[in-house]
Amino acid sequence: MLDKMIFGRYVPLDSLVHRMDPRSKLLLVFFFVCIVFLANNLITYGILAVFTLALIALSKIPARFLFNGLKPILFLILFTLLLHILFTKEGDVIYDFGFIEIYEGGLRQGLYISFRFTLLILVTSLLTLTTSPISITDGLEQLLGPLKKWKMPVHELALMMSISLRFIPTLMEETEKIMKAQTARGVDFTSGPIKERVKSIVPLLVPLFVSSFKRAEELAIAMEARGYRGGEGRTKYRQLSWHAVDTLLLCTLAVLTILLLLFRSY
Amino acid sequence: MGEKLVSLNDVTFKYEGQDRNAVDCVSFDVYKGEWLAIVGHNGSGKSTLAKLLNGLQFAESGSITINDIELSEATVWDARKKVGMVFQNPDNQFVGTTVQDDVAFGLENLGVQHQMMVERVQNALNKVQMDQFLNQEPHHLSGGQKQRVAIAGVLALQPDIIILDEATSMLDPRGREEVLHTVRELKDENILTVISITHDLEEAAKADRIIVMNQGLLYRQGTPDEIFQLEGELVELGLDIPFSVKLGKALREQGLNLADSHLTEEELVKDLCELNSRM
């Protein structure tokens, strides 16, 4: 139940977007997030929408998964929309309630910004929906590789991430086990006032922490015994391969940027 | 016996803040191709021995030689290439996110080229019969399967010696059987010399030679037959002798004309059947 929360994000399908190199996907998302801010009129937002929809279509991800990604942020989107409608005073008044006036500029701004939000969420969730966490880690490690020159512990960070990913299900199992053990001793996790429930988490966390530290120590010894001595001189078993599609995609992004620059209003 | 692979010479080790030496003046040799079991009660120093053999701890005095390399801080990384180790808890030694990533972990550390890595990972997994599980995640494997992956991880590095540090103690009987069977096969194919550290004398009974540790001292060494003759002494050391040995002894005391000790249940059953057919 619990591990669906984290791994449920990745939808293993076979599509062009799934097969793409995680590096190109990461770059795409990064640049997309930047150029979204170039759009400021109907045409430019239209172009971005077409691009996003095309990506979604290529990924074959069912719409329901994307909507699930939007759900937690829906409130924020509506809230910004409302704020803009109520407080941005630009352009003509289009409706007057007496105590409040709605301006044309406010409505437009509100709609644009919530649409921008939606696009950002859609594209970033598309990344996590089509790329397994471990590929994202690999991609990040490679992309950030040059930062090693400035003493950034890129390899260590990537290893930490991949070990955390590997241990999530193990720790979940352990949590469930401890929960059952404590329930058997009379701890009630599911009912009672909030204060009591928060308190009942303590006997869950303490044993979990203790055992995690023990695990970490044993894992460190096991890694050392298998010859781990840091990132230097290490080769990688999982290889990333950059295909023509990846280059093509980044080119499309460049074209997109040019179009946005051409059609945006100044 | 064959060629000496490992030799310990008056090795002494003490943990910080403890009065008693965890390992006290221990000397023995390990020969190429044998299965050596080191048995002892908790705190007898057997696990410390394992750590010393792999350079995870260094001896205070005395020397350990592995394949002509004398173990020291300077040579420890070379020595570790010769000695692979499988630990007790199957979960806490699984580093990779999938089976093949985990087997490759040691190879990555040594900087092996990718093509070579793929080959060695595949071979190692074939040998432990886990090649069907390449992309499986660890939480979908049983304990015995995880330990076999750990063995594959050791095999991929092509060491001379494998140390099993209580590697079967957290497994169910079936998992234990799987792991011991795999190790036995590897030993019979002359791929590895096995040092198994255990408190389970049933497991030790399968070894070629047994060393009994007590209070940091080497108490006795010999073949399983010789060691199980000690019976009462072993029980005093907190070790439980195998059921078949106990039963055989009880039957002999009842006046049954049985040959001396039976290390496995199969042997005992076979002898009893023969005896029965003669009656």
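What follows is a single account of that chain.

Modeller: This is a predicted model, in which local features need pLDDT of at least 70 and side-chain atom pairs count only at pLDDT 80 or more, while totals for chains, interfaces and linings use all residues. Residues are numbered from 1 along each chain as its sequence is written, and chains are lettered from A and ligands numbered from 1 in the order of writing.

Helices and strands here are DSSP runs numbered from the N terminus, with at least four residues of H or I for a helix and at least two of E for a strand. Two strands are called paired if DSSP finds at least two bridges between them.

I begin with the four-stranded sheet. In chain B, four strands make an open sheet in the order 2-1-4-5, with antiparallel pairing. Its edge strands are strand 2 (23-31) and strand 5 (69-70) of chain B, and each pairs on one side only. Strand 1 and strand 2 of chain B run antiparallel, joined by six bridges; B:Phe13 has B:Val23 in strand 2 as its bridge partner. Strand 1 is also antiparallel to strand 4 of chain B, over five bridges, and here B:Thr12 stands opposite B:Ser61 of strand 4. Strand 4 (residues 61-66) of chain B in turn pairs with strand 5 of chain B through two bridges, again in the antiparallel sense. The partner of B:Thr65 in strand 5 is B:Glu70.

Helix 1 (residues 46-53) of chain B lies across strand 1 (4-13), strand 2 and strand 4 of chain B, and runs at about 120 degrees to strand 1. Such angles run from 0 to 180 degrees between N-to-C directions, using axes that are lines fitted to C-alpha atoms, for helices over the stretch in contact. Residues are in contact if their C-beta atoms, placed from the backbone, lie within 7 Å.

The six-stranded sheet comes next. This open sheet of chain B has the order 6-7-8-3-9-10 and mixed pairing. Strand 6 (83-86) and strand 10 (217-222) of chain B stand at its edges with a single partner strand each, so one side of each has no neighbour in the sheet. From one strand to the next the twist averages 20 degrees. Strand 9 (residues 209-214) and strand 10 of chain B are antiparallel over five bridges, and B:Met213 has B:Leu218 of strand 10 as its bridge partner.

Helix 5 (residues 143-156) of chain B packs on this sheet and touches strand 6 and strand 7 (161-165) of chain B, with a direction at about 170 degrees to that of strand 6. Its 14 residues should span 20 Å at 1.5 Å a residue, which agrees with the 20 Å between its end C-alpha atoms. The expected span is 1.5 Å times one less than the number of residues. Of the 14 residues of helix 5 of chain B, 13 are buried, so the helix is largely enclosed by the rest of the structure. A residue is buried if 20 or more other C-beta atoms, placed from the backbone, lie within 10 Å of its own, exposed if 12 or fewer do, and partly exposed in between. After helix 5 comes B:Gln158, with a positive phi near 50 degrees.

Helix 6 (residues 173-188) of chain B has 16 residues and reaches 22 Å from first C-alpha to last, close to the 22 Å expected. Its buried residues include B:Arg176, B:Glu178, B:Val179 and B:Leu180. Among the elements that cover the buried residues of helix 6 are helix 5, strand 7, strand 8 (193-198) and helix 7 (201-204) of chain B. Just after helix 6 of chain B, B:Asn190 has a positive phi of about 65 degrees.

Chain B gives 29 residues to the contact and chain A gives 27 residues. On the chain B side, the elements that give two or more residues are helix 2 (76-82), helix 3 (99-110) and helix 4 (114-127). The largest share of that side, seven residues, comes from helix 3 of chain B. By class, the side has 11 nonpolar, 13 polar and five charged residues. Nonpolar means Ala, Val, Leu, Ile, Met, Phe, Trp, Tyr, Cys and Pro, charged means Asp, Glu, Lys and Arg, and the others, Gly among them, count as polar.

How values were computed: Two residues are in contact if their C-beta atoms, placed from the backbone, lie within 7 Å.
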